[in-house]
Each structure stands twice: as structure tokens, then as C-alpha cells.
Amino acid sequence: MPELPEVETIVNDLKDVLPGKSVTGIDLFWKKSLNVTPAIFLNKLKNKKVKTVRRRAKTIIIDFGDLFLLIHLKMTGQLVWRDKNNLFSGGHPIVGAGMDLPNKFTRAIIKFGSQKLYFNDVRKFGWLRLLDKKELAEYEAKSGLEPLAKDFSYAKFRAVFQGRKTKIKTALLNQTLVAGLGNIYVDESLYSAGIRPLRLITDISEIEWKKLYQSIKAVLKKSIKYRGTSFSDYRDAKGRQGNFVKYLQVYGRYEKKCFKCGQAIKKIRLGGRGTHYCEHCQK
Ligand SMILES: [Zn+2]
């Protein structure tokens, strides 16, 4: 699943092309991908222009002022934008489908005149939802702190873990506490902070919490700088790929040497997730 940096990268790309545009049509190939019928969708968005595009947790929000189109890519979703000058995609690479559009995994095409946004999704867990302001507020309230928001303070970060007794990795994956972190960035942040994923929250010292708080922000920022992490050879039409994979310290590096100490990176299962860490550098 794309995590915060990958979704942020898509949002930044869409910000370059969507604001000021109006929806002129929609082809819906899989009914359940959208929460309203195409007729209602078009009727509601008639004469409305995209104001901006933003991200909340792992959700893309296309803001039409008083209406909002939310897109969640889940396990296999992909967005592809195509106009005269641009062709780019974000989210999950769809192996084998190439850049043929639409393809058998295309669930919806949103048209902005001759320009099109394709929503492809192999396993159909992803979704599009058109919400009003109240519904959006309810949706956003379910997610935890935004680790890159200006008001993401150490005090707030520390407070969400208060009274909890789980392992630190489990808590960091909990989207209602801190939003947008998944398996990759939790493993990387814990390595950077020198904390083992299995440690209990109650055992973590104040100094370690502070390190973790800084590590999460630094790891996410660096990943966004490199357009996130992509593991396949997939490239978009501009030849771009998420390059953060080169900077991963532990994730996907099982049995490889730790860059700091040279010991082999360990891999264990934690709540069904492959979990990577260095036994020497993380306490
Ligand atoms: Zn090490």
C-alpha cells in the first residue's frame, strides 16, 4: 500500500495539473469504486472547479470548494493522468498492463475535457468518494496526527501513546494515533531512532521518544524528496521512479549488512508484518 510519502508525491503531481479544471464526464467500469452514480457525480460537480489537491493520511483529496473527491488507493490502486503534455502515474505499479489506457484494471475515468484521470485497481479495494464538507470532516476525524503538519508537536506526539501498553511498532502502525505510516516508514523510523520494533511503549525513555519524533519527520521528508519508494522497475512516462529505495536502511534488507555497524539485518514477523531491524544498533 502506498504510504504517506507516495501519496504526497501523487498529490504534488496532481497539484500541477488539476486546479482550475472542471469535471466534464466520468466512465465508471466498476460500480463499487464510487459511492454515487455517475449521473449524481456529474450533476453535483457541474460548474465546479478544482480549487486544490491535498492529502489526509493516505487519502488524496481533490477539493472543489464545498465538495471533495476522495481517492484511496489501498493495496493495488493506481492513478494515471493523461493530457497533451503530461502522462504520469502514481500509486501501485500495475504489472503487465503497461501504459495501455484504459486497460482491464481501469475502474473509472474522470474526464476534464480532453484530459483524463484514470483510476486503475487490480484487486478493487481502492475507492473514490464524493463527500460534502460535513462528511469530509467526519472522515478526517478518524485519522490520527499528521506527522508533517506544522502543529505536529512533540507534546501531541507523546500524548497519543499515553496509557497504551502495546509494542511500539504496533502503535506506530495504528492510523488513529499517527496517520500515514506503514510498514516501510515505521521500520525505517525505528532504526533511525535506535529503538527495536518489539519494545513495549511503557519501556521507552523520554530521550528515545524525542529521537523517534525527530526520526519520523526526517525519514518522511527525505522520502518525499525522492518521490517515495517503489520496488519494481516501473517508470512513468517522464522516466521517474520513487528513488527512496536506495536510501532504505533496514526495510527489504534482510541479511544484508547494517550500514552503521556491519551486522546482518534481522527480519521477524510482528502482527503478520515482516519487520526489519538491526540487533546491534537498535535497543
Ligand atoms: Zn547496526
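**Domains, sheet and hairpin**

Author: The chain is divided into domain 1 (4–141) and domain 2 (154–277), bounds that come from an automatic or database domain assignment. Their centres, taken over C-alpha atoms, are separated by 28 Å. This is a predicted model, in which local features need pLDDT of at least 70, side-chain atom pairs count only at pLDDT 80 or more, and totals for chains, interfaces and linings use all residues. Residues are numbered from 1 along each chain as its sequence is written.

Reader: What makes β1 and β7 a pair?

Author: Two strands pair if DSSP finds at least two bridges between them, a strand being a DSSP run of E with at least two residues, numbered from the N terminus. β1 and β7 (residues 106–112) have four bridges, so they count as an antiparallel pair. Within this pairing, G25 stands opposite K111 in β7.

Reader: What is the order of the strands in the open sheet?

Author: The five strands follow the order β1-β7-β8-β5-β6, with antiparallel pairing. β1 (25–28) and β6 (87–91) are at the edges because each has a single partner strand, which leaves one side of each without a neighbour in the sheet.

Reader: How do you know that β10 and β11 pair?

Author: Strands β10 (residues 266–270) and β11 (residues 273–277) run antiparallel and are joined by five bridges; the requirement is at least two, so they pair. K267 stands opposite H276 in β11.

Reader: What do β10 and β11 form?

Author: They form a hairpin with two residues between them, and G271 in the turn has a positive phi of about 55°.
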